[in-house]
There are 2 protein chains.
Amino acid sequence: MTKTKSSRQILSDLKSAGYRLTQSRAAVVRVIDEANGWLRPEQVHAQAKKHCPSIGLVTVYRTLALLVEHGYIRRIHFDDKCHGYARVELSHGHHLVCRGCSQTVEIAGTEDLKPLMKQVQKETGFVIEDHLLELVGLCRECQPNPTRPRSRHG
Amino acid sequence: MTKTKSSRQILSDLKSAGYRLTQSRAAVVRVIDEANGWLRPEQVHAQAKKHCPSIGLVTVYRTLALLVEHGYIRRIHFDDKCHGYARVELSHGHHLVCRGCSQTVEIAGTEDLKPLMKQVQKETGFVIEDHLLELVGLCRECQPNPTRPRSRHG
DNA sequence: CTCGTTATTGAAAATTATTTTCATTATGAC
DNA sequence: GTCATAATGAAAATAATTTTCAATAACGAG
Ligand SMILES: [Mn+2]
Ligand SMILES: [Mn+2]
Ligand SMILES: [Zn+2]
Ligand SMILES: [Zn+2]
């Protein structure tokens, strides 16, 4: 809900980190920033070409990887079509995806899982280092049209 | 922790459901059942050939899809290599994966997320239908050798 | 047990997704 | 502006998955 980094900020952060500020990167970052849902690389490419007509799909992949690496976006997994990419705004948020319109909102969630983690650590002897949580459902607008019934979980 | 379906049971369930009990299917089910971690299709294929030398990778894919469809196995997602498949034993369990040895254990977890869900529903207006939760860490045996540091989350 | 129907299979080809290579280009420091 | 080189895009390579289709094997009927 709270937008923490603007498109502009991400770019300047990358610049400070030593990356060159190119047209292609600017286009991809802008597309991700303006999207209100997850996008697949091909979709990012299509959108990005509007801002940078010469951009190639390869560069989209490379830029997405860069943005994942630096924590600005995150991969979203599905039963079918892996993978989509969505903006990360919260330091440790999770993604809630509408299966109707693919709108993606981020929710805070560091604390809620702590007790579960602790218990699992104790029960299993594992040291838990990270977790992946995705919620799927229908946004308010899509609830009247419950299309595409599709299970999640893997 | 509680094994609910034996390899034999899965096969007879499938038979009751109208599927033919073939060598290939038996081999794949057996491999999945005997594995103590997640496996990728290629790995399932390699193992299955030991029981059914003529089995093709295509049939492995088909059988895995069948088993997912009927809820006997589930896909596991990773940063890199999507996807692995792991045995599902609990009615609504989640998977805990060791990043060292890929050992996969299932944990119960129907109730733990209920409060979070309720809150998110209220806050976002979404109707939440399902969720994907994967935990990643190091099992007891792998803790002394913290190899391959690798983040999770998507 | 044999036969006949047909679901299932495997090989090969086709798709789709992603990565690598490499010559060219554009960015940013000076 | 000039220069060094990080970054790019096209094409090829690789990986992952699906489709096609003729051959096969499962299994119920007889
Ligand atoms: Mn995935
Ligand atoms: Mn659950
Ligand atoms: Zn929606
Ligand atoms: Zn381990």
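The legends below describe close-up views of a predicted model. Local features need pLDDT of at least 70 and side-chain atom pairs count only at pLDDT 80 or more, while totals for chains, interfaces and linings use all residues, and side-chain values use heavy atoms, with hydrogens and water left out. Residues are numbered from 1 along each chain as its sequence is written, with chains lettered from A and ligands numbered from 1 in the order in which they are written.

Figure 1. For reference, the ideal angle for four tetrahedral donors is 109.5 degrees. Since A:Cys98 lies in strand β3 of chain A and A:Cys142 in the segment after β5 of chain A, the pair ties together parts that are 44 residues apart in sequence; strands (E, at least two residues) and helices (H or I, at least four) are DSSP runs, numbered from the N terminus. A:Cys98 counts as buried at 1% relative accessibility, and A:Cys142 counts as buried at 13% (buried means under 20% relative accessible area, exposed over 50% and partly exposed in between, with a 1.4 Å probe and protein chains only).

**Figure 2. The zinc ion (ligand 4) is held by donors from chain B.** The protein donors are the SG atoms of B:Cys98, B:Cys101, B:Cys139 and B:Cys142, which lie 2.2 to 2.4 Å from the ion. The site is tetrahedral, with angles of 104 to 113 degrees among the four donor atoms, and the spacing of the donors along the chain is C-x2-C-x37-C-x2-C. Both B:Cys139 and B:Cys142 are buried.

Figure 3. The buried residues of the helix are B:Leu116, B:Met117, B:Val120 and B:Thr124. After the helix comes B:Gly125, with a positive phi near 80 degrees.

**Figure 4. The largest nonpolar core has 30 residues, and those with the most contacts inside it are A:Leu135 and B:Leu135.** A nonpolar core is a set of buried Ala, Val, Leu, Ile, Met, Phe, Trp, Tyr and Cys residues joined through side-chain atoms within 4.5 Å. At least two residues of this core come from each of β3, β4, α5 and β5 of chain A, and likewise from each of β3, β4, α5 and β5 of chain B. Leaving aside residues up to four places away in sequence, B:Leu135 touches A:Met117, A:Val120, A:Ile128, A:Asp130, A:His131, B:His95, B:Leu96, B:Val97 and B:Ile107, contact meaning heavy atoms within 4.5 Å.

**Figure 5. The structure holds two aromatic pairs over all chains.** The ring centres of A:Trp38 and A:Phe78 are 4.5 Å apart and the planes stand at 45 degrees, so the pair is tilted; rings of Phe, Tyr and Trp (its six-membered ring) pair if their centres lie within 6.5 Å, with planes under 30 degrees apart counting as stacked, over 60 as edge-to-face and the rest as tilted. This pair links distant parts of the chain, 40 residues apart, with A:Trp38 in the loop between α2 (23–34) and α3 (41–51) of chain A and A:Phe78 in the loop between β1 (73–76) and β2 (84–87) of chain A. A:Trp38 is buried, with a relative accessible area of 9%, and A:Phe78 counts as buried at 9% relative accessibility. In the other pair, the rings of B:Trp38 and B:Phe78 have their centres 4.5 Å apart and their planes at 45 degrees, so this pair is tilted. Both B:Trp38 and B:Phe78 are buried.

Key:
Donors are N, O and S atoms within 2.8 Å of the metal (3.2 Å for Na, K and Ca); water is not among the atoms, so sites may look incomplete. Four donors count as tetrahedral if all angles lie between 85 and 135 degrees; four count as square planar and six as octahedral if opposite donors are over 155 degrees apart and all others between 65 and 115; anything else is irregular.
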